[in-house]
Amino acid sequence: MDRILVTRSSMPPMDEYINEIKELWDSHWLTNMGPKHNEFRHMLKEYLGVEHIDLLVNGHMALEMVLQAMNLQGEVITTPFTFASTTHAIVRNNLVPVFCDIDPVTYTLDVEKLESLVTDRTCAILPVHVYGNICNVEEIERIARKYGLKVIYDAAHAFGETYKGKGIGRYGDASIFSFHATKVFHSIEGGSVCFQDRELGRVLWDLKNFGIHGEEEVAAVGANAKMNEFCAAMGICNLRHIDSEIAKRKKVVEKYRERLEGVEGIRLNAVQEDTELNYAYFPVIFEDYKYTRNEVYIRLQQHGISARKYFFPLTNSFECYRSYPTAGAEKTPVAQYLALRVLTLPLYADLSLEEVDRICDIILK
Ligand code: T4K
């Protein structure tokens, strides 16, 4: 039997991609904001229902560069229950991460604990819509306004989601999406920043392309974080199929829920109101279940099934963050509790319902 991995990249029909990249052979134009890049950007703007969007080489650089573009200094309040990228982006901008605990139901920043972490050094809040669970955007906005803080959402998991009928990329000062191969929607590698302020967009554009304004003019100290034409072409193809991919994922999630909902000791992701989901991940919390999370993980491995401990360890327990005052998993007990008990089960559009049954049989046996 084939191994089942935690996810599998969606592939558009090969002919479609070949058709798309044939133009690249004809034109010899491969990168530097070519026609595919621009077409993809317009398509995304429409699909995501955002005001402004720019494309970057990946989700991480989108986050790192938007923080840089904001020219922030001081402390950034963030969650440790995330992929390494979120915290790294803060630190690589010479900013200090201040770790806030998470909400036990949504696993996103606990807004009850957020305000007490604001100091006169705080410059921004960087929450994560983890697993596609929407943060408490209203309360985060209220606190940010009260203290004059920027809000940058790591929406790497929340592509295409809406909250109260509004594209999720429209909340905060900026939101980043990841289009990595493992995501609900991908462009092989890729990412984007959605933002409200045109001026921020101009600075970001400089940062991603060496600050070049013309053949003889370099106006800013930029780097290179451009999306190439092959990635943009993949994004264009995948975007044509995104709705049916999400619909297929929904069926997989419904099957998991049917099998696992109500089982003693197993907690599933809470259903949020006013939210249109993308079914990015299927996290399961094993608390007082007859087997521990690690036992389930190993048992699944023995059957050729690779579930993942997203997100364990917490980023505030990484060796490289030891010296930060708020580091230490014990300081964020809810996040620590969940990180020790969570397993994200395999989920992708082509995962068959029979395979979901097999995974659930192994877990429940
Ligand atoms: N913020 C958050 C909250 C994030 O989760 C991420 C990325 C970022 C920011 C940064 O965005 P990017 O710079 O990556 O655009 C994966 C992804 O590499 C990473 O993008 C993602 N988060 C993270 C949660 O998961 P790994 O180390 O678990 O990936 P890997 O190589 O073990 O792949 C997982 C499974 O995916 C494989 O078992 C099989 C499947 N797969 C993988 C690849 C590479 C495919 O089917 N096709 C592929 O090409 O990090």
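These legends walk through close-up views of one predicted protein model.

Residues are numbered from 1 along each chain as its sequence is written. Because the model is predicted, local features need pLDDT of at least 70, side-chain atom pairs count only at pLDDT 80 or more, totals for chains, interfaces and linings use all residues, and side-chain values use heavy atoms, with hydrogens and water left out.

View 1. Helices (H or I, at least four residues) and strands (E, at least two) are DSSP runs, numbered from the N terminus. The C-alpha trace spans about 70 × 55 × 40 Å along its principal axes. A compact globule of 365 residues would have a radius of gyration near 21 Å, and the protein agrees, with 21 Å. That radius is taken over C-alpha atoms; the globule rule is 2.2 Å times the number of residues to the power 0.38.

**View 2. Seven strands build an open sheet with mixed pairing.** The order is β1-β9-β8-β5-β4-β2-β3. Two strands pair if DSSP finds at least two bridges between them. β1 (52-56) and β3 (96-99) stand at the edges. Each has a single partner strand, so one side of each is left without a neighbour in the sheet. From one strand to the next, the twist averages 25 degrees. Axes are lines fitted to C-alpha atoms, for helices over the stretch in contact, and angles run from 0 to 180 degrees between N-to-C directions.

**View 3. Strands β8 and β9 pair in the antiparallel sense.** β8 covers residues 174-178, and β9 covers residues 191-195. Five bridges link the two. At one of them, serine 175 has cysteine 194 of β9 as its bridge partner.

**View 4. Helices α4 and α7 lie across strands of the seven-stranded sheet.** Helix α4 (residues 84-91) lies across β2 (75-78), β3, β4 (122-126) and β5 (150-154). Its direction is at about 135 degrees to β3. Helix α7 (residues 198-208) lies across β1, β8 and β9. α7 runs at about 10 degrees to β1.

**View 5. Methionine 61 sits in helix α3 (residues 59-69).** Methionine 61 touches Leu56 and Ala225, leaving aside residues up to four places away in sequence. Contact means heavy atoms within 4.5 Å. Alanine 89 is 28 residues from methionine 61 in sequence. In space, the two are 7.9 Å apart, C-alpha to C-alpha.

**View 6. The ligand is surrounded by 25 residues.** The closest are Asp154, His157, Ser178, Arg308 and Tyr310. A backbone N or O atom of glycine 59 lies 2.9 Å from a ligand oxygen atom. In the side chain of histidine 157, an N or O atom is 2.8 Å from an oxygen atom of the ligand. The side chain of lysine 183 places an N or O atom 2.8 Å from a ligand nitrogen atom. The ligand has 920 Å² of accessible area on its own, and the protein covers 75% of this. Accessible areas come from the Shrake-Rupley method with a 1.4 Å probe.

**View 7. Three strands form an open antiparallel sheet.** Their order is β12-β14-β15. The edge strands, β12 (266-268) and β15 (342-345), each pair on one side only. The twist averages 30 degrees from one strand to the next. Strand β14 (residues 282-286) pairs with β15 over four bridges. Phenylalanine 282 has leucine 345 of β15 as its bridge partner. Helix α8 (residues 229-260) lies across β12, β14 and β15, at about 20 degrees to β14.

**View 8. Two cis peptide bonds and a positive phi mark the backbone.** Most residues other than glycine have a negative phi, and most peptide bonds are trans. A cis bond joins tyrosine 310 and phenylalanine 311, with omega about 10 degrees. The bond from phenylalanine 312 to proline 313 is also cis, with omega near 0 degrees. Phenylalanine 311 is found in the loop between α9 (293-302) and α10 (333-339). Proline 313 is in the loop between α9 and α10. Tyrosine 107 has a positive phi, near 65 degrees. Tyrosine 107 belongs to the loop between β3 and α5 (111-114).

Terms used: A residue is near a molecule or strand if one of its heavy atoms lies within 4 Å of it. A polar contact is a pair of N or O atoms within 3.5 Å; within protein, one must be able to donate a hydrogen and the other to accept it, and residues adjacent in sequence count only if both atoms are side-chain atoms.
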